[in-house]
Amino acid sequence: MADEKDNAPRRKTLADMLEITKQRAVIGNEAAEQKAAETPRQMFLPGFDIGAFPNHLNRSSFIAPIARGKRKRHQQTEMVTRKDCVLEYTGEQLDEADGDLIMALIAFAQAYQLGTPVPLNRAELLRKLKRGTGKSQYDWLYKSMKRLREGVLFLEARKPDGSTRYSVGKMQSFNVLKDLDYDGASEAYSFVLDPRWVVMFGNREYSLIDWDKRMQIGRGQDMAKTLQRLLATSADSVQRYALDWLKEKMEYASPIRKYREALQAAVHELERLEIIAKGSIENSTKGKSQLVVWLQPSA
C-alpha cells in the first residue's frame, strides 16, 4: 500500500506530461495548417499532364455519380470515406463533371504557385474537358465554378493508431477554389487554388487517372468514372469492394436491384475501354455481396 501511495504522484505527473504533449501537438498542427493556408506553394506532380487527384477524395463520396436534377445540399456533412480519413463537406453535392473540372483546374495551375491567381480561358478549358463551346456549356461552367468556390472541406487523415497525420480546413476554411473572378469583357476566368492542396497530394497520396480513356467513357456512365477514380487509388491487381459501401459512397438512393444493374453496366463500360480486364459481383467468404475487379496487367 505504501509503495502504491508513493507512486501515485508520479503517475499523475506522467499523465499530466502526456496531456501537455498532446496539447502541444494539437497547437503545432494548427499552427502548421495556418502557415500552409497563407503560404503560396508550387505543386509538382511528375509524369502528369491532367488527371491527378488525391486518394482520400477518390475514395470518398465527395464526388459521386448523382442523377441530374436538384442536388443535395450538405451542411458539415460527414462524407463516406475509409476508416483512415474523416471528411466533412458543406455545399452542393459534386458530380463527376465537377470532378473533371477540378482535375483540369489543378492541371492548369501547375505552372503557378498555389495561392496566386491563375488566368484561364474558358473555351480552352472546355475543349480540355471534351465539351462544346456553346452557351449551354458556358452556363454549365459558370455554375460549376461557382459550386466549387462555395464548397468548403474539412479533411483529417489518420494514422493506424487513430492519431492525426494531417488536417486541412480546421483552422482556416478550405475551399476547392479559394478565389474566383470572371471578366465579362475578355470572357476569361482567373482562379486561386488553396495552397493546402499540396498537403493532400503529399507523400504520393494521389492517383493518376488515364484522362484519354476517361474522356471516352460514354454519356450517362458517370458510375464508370467513379469506379475508375476509386480503382486508381490501389496498385492491387485484384480489388474487392463491399456493395453496401459502394452504394453509399456513390450516393445511390434507388433499390439495391437497380444499383446492381447500374454497377454492372459501369463495369462493362470499363471493360469496353480496357480500363479493367474484368469485373463481377460476387459473394465474399462471409456471404456479403461485393464487387471484384481484375485490372489490366499493365495498369
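The charged end of Lys-278 sits over the ring of Trp-294, 5.2 Å from its centre. Such a placement requires NZ of Lys or CZ of Arg within 6 Å of the ring centre and within 35 degrees of the ring normal. The charged end of Arg-131 likewise sits over a ring, that of Trp-140, 3.7 Å from its centre.

This is a predicted model: local features need pLDDT of at least 70, side-chain atom pairs count only at pLDDT 80 or more, and totals for chains, interfaces and linings use all residues. Residues are numbered from 1 along each chain as its sequence is written, and side-chain values use heavy atoms, with hydrogens and water left out.

**The three-stranded sheet**

- An open sheet holds three strands in the order β11-β13-β12, with antiparallel pairing. Strands are DSSP runs (E, at least two residues), helices are runs of H or I with at least four, and both are numbered from the N terminus. Two strands pair if DSSP finds at least two bridges between them.
- β11 (238-242) and β12 (276-283) stand at the edges with a single partner strand each, so one side of each has no neighbour in the sheet.
- On average, neighbouring strands of this sheet are turned by 20 degrees against each other, direction ignored. Axes here are lines fitted to C-alpha atoms, for helices over the stretch in contact, and angles run from 0 to 180 degrees between N-to-C directions.
- Seven bridges join β12 to strand β13 (residues 289-295), and the two run antiparallel. Ser-280 has Val-292 in β13 as its bridge partner.
- Strands of a sheet pair through backbone hydrogen bonds, either parallel or antiparallel.

**Helices across the sheet**

- Helix α8 lies across β11, β12 and β13, at about 120 degrees to β11. Contact means heavy atoms within 4.5 Å.
- Helix α10 (residues 256-272) lies across β12 and β13, running at about 160 degrees to β12.
- Nine of the 10 residues of α8 (residues 222-231) are buried, so the helix is largely enclosed by the rest of the structure. Buried means under 20% relative accessible area, exposed over 50%, and partly exposed in between (1.4 Å probe, protein chains only).
- The buried residues of α8 include Met-223, Lys-225, Arg-229 and Leu-231.

- Strand β8 (residues 179-183) and strand β9 (residues 188-192) run antiparallel, joined by five bridges.
- Asp-179 stands opposite Val-192 in β9.
- Four residues lie between the strands of this hairpin, and Glu-187 takes a positive phi near 55 degrees.

**Aromatic pairs**

- The whole structure holds eight aromatic pairs. Rings of Phe, Tyr and Trp (its six-membered ring) pair if their centres lie within 6.5 Å; planes under 30 degrees apart count as stacked, over 60 as edge-to-face and the rest as tilted.
- Phe-53 and Trp-197 form a tilted pair, 6.4 Å centre to centre, with 45 degrees between the planes. The pair links distant parts of the chain: Phe-53 is in strand β1 (residues 52-54) and Trp-197 in helix α6 (residues 197-201), 144 residues apart.
- Phe-53 is buried at 0% relative accessibility, and Trp-197 is buried at 0%.
- Phe-62 and Tyr-89 form an edge-to-face pair, 5.3 Å centre to centre, with 85 degrees between the planes. Phe-62 lies in the loop between α2 (55-58) and β2 (73-78) and Tyr-89 in strand β3 (residues 85-92), so the pair ties together parts 27 residues apart in sequence.
- Phe-62 is buried, with a relative accessible area of 0%; Tyr-89 is buried at 0% relative accessibility.
- Ring pairs link Phe-53, Phe-174, Trp-197, Phe-201 and Tyr-206 into a cluster.
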